Amino acid sequence: MLTCSFLKKLYCYFPFLSKNTKKYGHVLSLGYNCEVSFQFFKYYHFLEAGLFSWVGASDIKTLTNALNNFNAIASGDFKYNGSMWQCLNSSICFHGKFNVKATDVEALNADKEDLISRTAYLKKKFLSSGSDGKKNLYIYKHSIRDSNEATLFIKDIQSLYNTLKTLIQNDFDLLVVAESKTFPALTEKDFKNDHIYFRTVEFFTPETSVTQKNNDRKHWKKIFKEFRPDFKLKKTKKYKFEEV
């Protein structure tokens, strides 16, 4: 007979065996910024390309409004803010492919054209990955511009979930991540939805440096041990944040 201590050790080394582990055919970040994707990549060493994987969405209302007007995302003009491209239709900021100086007009135009093509592809992928029969996980990280009032934030999350329901045909869960100090009394049951999960980390990295070494790797690791992809992708490119 297996003892509890033995099982704990077994789950520690092989977390996918745990009954609490949840597996998904797609694991996609919804922002609000790049920390979710960065931490997933650091743990699994791969990342599924997603429309919102490397964005700045400001807050949950901006994201939800963009999803409610999905066709308009990245279908108009962009404004370069010195490091990212802001979609004027949705207010969501996207990373360009290249490090471009604001004064280099030719390079800026090339970067924007690449972004337009890339986001068009990722919009189609967002919809196709939501209708291919797999179970999906969408992850939203609480923004410093979101409400810190639990009741209001719950309503915003419920609105985001309901909006996703209009776009996603697959079964899916929504994982919400916040700093533990933001909602000390909030529990998963408060969302009153079996498909909404709530987890916390001790601290988020600064908006201007989400890939810095001083991050709460411990609690992100715990989250991604529980919420896992049931697939593995081959790494095909090097990200800007990776050391040369």
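Q: What makes Lys141 a charge over the ring of Phe204?
A: Lys141 lies over the face of Phe204, at 4.4 Å from the ring centre. The rule asks for NZ of Lys or CZ of Arg within 6 Å of the ring centre and within 35 degrees of the ring normal. So 4.4 Å meets the distance limit. Lys22 sits likewise over the face of Phe227, at 5.0 Å from the ring centre.

Q: What kind of model is this, and which atoms do side-chain values use?
A: This is a predicted model: local features need pLDDT of at least 70, side-chain atom pairs count only at pLDDT 80 or more, and totals for chains, interfaces and linings use all residues. Residues are numbered from 1 along each chain as its sequence is written, and side-chain values use heavy atoms, leaving out hydrogens and water.

Q: Why is the pair of Phe40 and Phe224 called edge-to-face?
A: Rings of Phe, Tyr and Trp (its six-membered ring) pair if their centres lie within 6.5 Å; planes under 30 degrees apart are stacked, over 60 edge-to-face, the rest tilted. Here the centres are 5.3 Å apart and the planes stand at 90°, so the pair is edge-to-face. Phe40 is in helix 2 (residues 35-44) and Phe224 in helix 6 (residues 217-226), 184 residues apart. Helices (H or I, at least four residues) and strands (E, at least two) are DSSP runs, numbered from the N terminus.

Q: Why does the pair of Phe52 and Phe126 get its class?
A: The ring centres are 5.8 Å apart and the planes are at 85°, so this pair is edge-to-face too. Phe52 is in the loop between helix 2 and strand 3 (55-56), whereas Phe126 is in helix 4 (residues 105-128).

Q: How many aromatic pairs does the rule give?
A: The count is 19. Ring pairs also link Phe40, Tyr43, Tyr44, Phe46, Phe204, Trp220, Phe224 and Phe231 into a cluster.

Q: What class does Ser91 get, and what class His45?
A: Ser91 has 38%, so it is partly exposed. His45 has 53%, so it is exposed. Both have a positive phi: near 70° for Ser91, about 65° for His45. Neither is a glycine.

Q: What makes strand 2 and strand 9 edge strands?
A: Two strands pair if DSSP finds at least two bridges between them. Strand 2 (26-29) and strand 9 (196-201) each have a single partner strand, so one side of each is left without a neighbour in the sheet. The open sheet has four strands in the order 2-7-8-9, with parallel pairing.

Q: How do you know that strand 2 pairs with strand 7?
A: Four bridges join strand 2 to strand 7 (residues 136-141). The rule needs at least two, so the strands pair. His26 stands opposite Asn136 in strand 7.

Technical notes: Buried < 20%, exposed > 50% of the residue type's maximum accessible area, 1.4 Å probe, protein only.
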